[in-house]
Amino acid sequence: AELLEQRGEYDVAAKVWEHICRLDPLDGNARSRMGGAHMKKTIDRGGYENADTTRNVMARGPKSGEAAAPGESQESDLKHAIRKDPQKVENYLKLADYYKREGRLDDAHQALETALQVSGDNANVREQLEDIELLRMNRNVELAKEKAAGGDDEARQNAKALSTEFAKRRLEVLNRRVERYPQDLVLKFELAELLMTPFGKFTQAIPLLQQASQNKRLKPRALIKLGLCFIQDKKIALARGQIERGVAEVNAPEDPKLFVEAHYLLGRVCEELKDFPAAEKHYGEVLVIDYEYKDARARLEKLQGGTGDDAT
């Protein structure tokens with residue numbers, strides 16, 4: 001699926017992700033990647049990556065034209081199928097999926113609302129509706145941020161309010177998903193991240209991260225974030241142990257950013273614990289990859305007896 005996406009064969013990639021979802025319904029990453037493949041196709045085909053603003057992207061809607069003959073327009077064919085059998089939920093879902101791939105999120109939301117009614121409040125349909133709702137909210141947040149970039153105080157306040165509402169809604173959705181898919185460690189990791197930022201609920205995030213660390217792909221990030229939670233909980237020694245375990249799992253060439261962040265964090269923790277030789281070692285690891293990272297150089301120089309006066 002990943003290879004197909006790299007080749008630009010997004011429709012085929014989406015089918016592979018869909019197959020993975022059928023094999024493992026608890027694989028939240030596959031569900032996300034399936035939708036992502038559709039969106040990548042829309043971005044490539046619509047030239048969205050070259051748009052100056054999100055507003056310009058939205059302005060590139062479908063062109064109006066004459067009614068298409070059968071087989072010429074997927075949208076028209078699906079609407080005809082719905083008129084023919086208005087109780088068949090599958091057609092509403094297909095229409096919503098079509099709209100989503102075209103970037104027409106409002107239309108997709110409307111189709112899914114109808115599908116939910118027809119399905120009798122089916123949980124799977126509701127999840128699809130929630131996903132579209134979150135995409136719409138995120139789009140509005142991005143538009144608000146673009147407007148706020150102009151320096152208007154009211155616009156900045158509006159962008160902040162929309163971001164807060166989006167985070168709250170996403171928190172509600174993720175809480176329900178974790179309850180419904182208790183074995184899905186990806187969802188637990190996402191929920192833990194959200195609890196940490198922007199809500200600052202580090203204690204609640206800890207058990208979720210402990211469970212998420214059982215996933216091999218998530219293990220390095222989960223352990224390092226677990227260390228951050230322990231720091232906030234004033235358990236510095238525990239934080240050091242978790243971050244050290246996480247760093248051991250990080251491949252520097254593959255993820256230099258995480259490598260640098262983790263070693264810098266360990267340097268700060270070791271300073272706090274008065275283990276200055278270890279702190280020097282970790283700051284050194286940072287500088288090997290990124291010589292200008294935060295105040296790592298100043299801190300290392302101060303520990304070595306150099307200038308480094310700006311390290312606080």
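Predicted model: local features only at pLDDT ≥ 70, side-chain atom pairs only at ≥ 80, totals over all residues.
Against which helices do the buried residues of α7 pack? The buried residues of α7 pack against α6 (89-101) and α8.

**Entry 1: the chain as a whole**

The protein chain holds 16 helices and zero strands. Of its 312 residues, 39% are buried. I then looked up the contacts between residues at least 6 apart in sequence, and 45% of these join residues at least 24 apart.

**Entry 2: α7**

I returned to α7 and checked its length. The helix has 15 residues and reaches 20 Å from its first C-alpha to its last, close to the 21 Å expected at 1.5 Å a residue. I listed its buried residues as L105, A108, H109, A111, L112, A115 and L116. Why do they lie on the same side of α7? They cover an arc of only 165° around the axis, and therefore fall on the same side of the helix. I looked next at the face of α7 turned away from this buried side, and found that it carries the exposed residues Q110 and Q117.

The buried residues in α6 are V89, N91, Y92, L95, A96, Y98, Y99, K100 and R101.

Just after α6, G103 takes a positive phi of about 80°. α7 is followed by G120, where phi is also positive, near 75°. I then moved on to D121, which has a positive phi of about 65° although it is not a glycine. D121 is placed in the loop between α7 (105-119) and α8 (123-148). Is D121 buried, partly exposed or exposed? Its relative accessibility is 44%, so I recorded D121 as partly exposed.

**Entry 3: K274**

I found another positive phi in a residue other than glycine at K274, where the value is near 65°. K274 lies in the loop between α14 (256-272) and α15 (276-289). With a relative accessible area of 60%, K274 is exposed.

**Entry 4: a cis peptide bond**

I checked omega and recorded a cis peptide bond from T197 to P198, with omega near 20°. P198 belongs to the loop between α10 (185-196) and α11 (202-212).

**Entry 5: α15 and α16**

How do the axes of α15 and α16 cross? I found that they come within 9 Å and cross at roughly 145°, with α16 comprising residues 296-303. The crossing is left-handed. I then listed the residues that meet: F276, A279, E280, Y283, G284, V286 and L287 in α15, and A296, R297, R299, L300 and L303 in α16. By class, the residues of this contact divide into eight nonpolar, one polar and three charged.

Note on methods. Residues numbered from 1 in each chain as written. Heavy atoms only, no water. Helix = DSSP H or I, 4+ residues; strand = E, 2+ residues; numbered from the N terminus. Buried < 20%, exposed > 50% of the residue type's maximum accessible area, 1.4 Å probe, protein only. Axes fitted to C-alpha atoms, helices over the stretch in contact; angles between N-to-C directions. Left-handed = near helix turned anticlockwise from the far one by under 90°. Contact = heavy atoms within 4.5 Å. Nonpolar A, V, L, I, M, F, W, Y, C, P; charged D, E, K, R; others polar. Expected span 1.5 Å × (residues − 1). Arc of directions from axis to C-beta.
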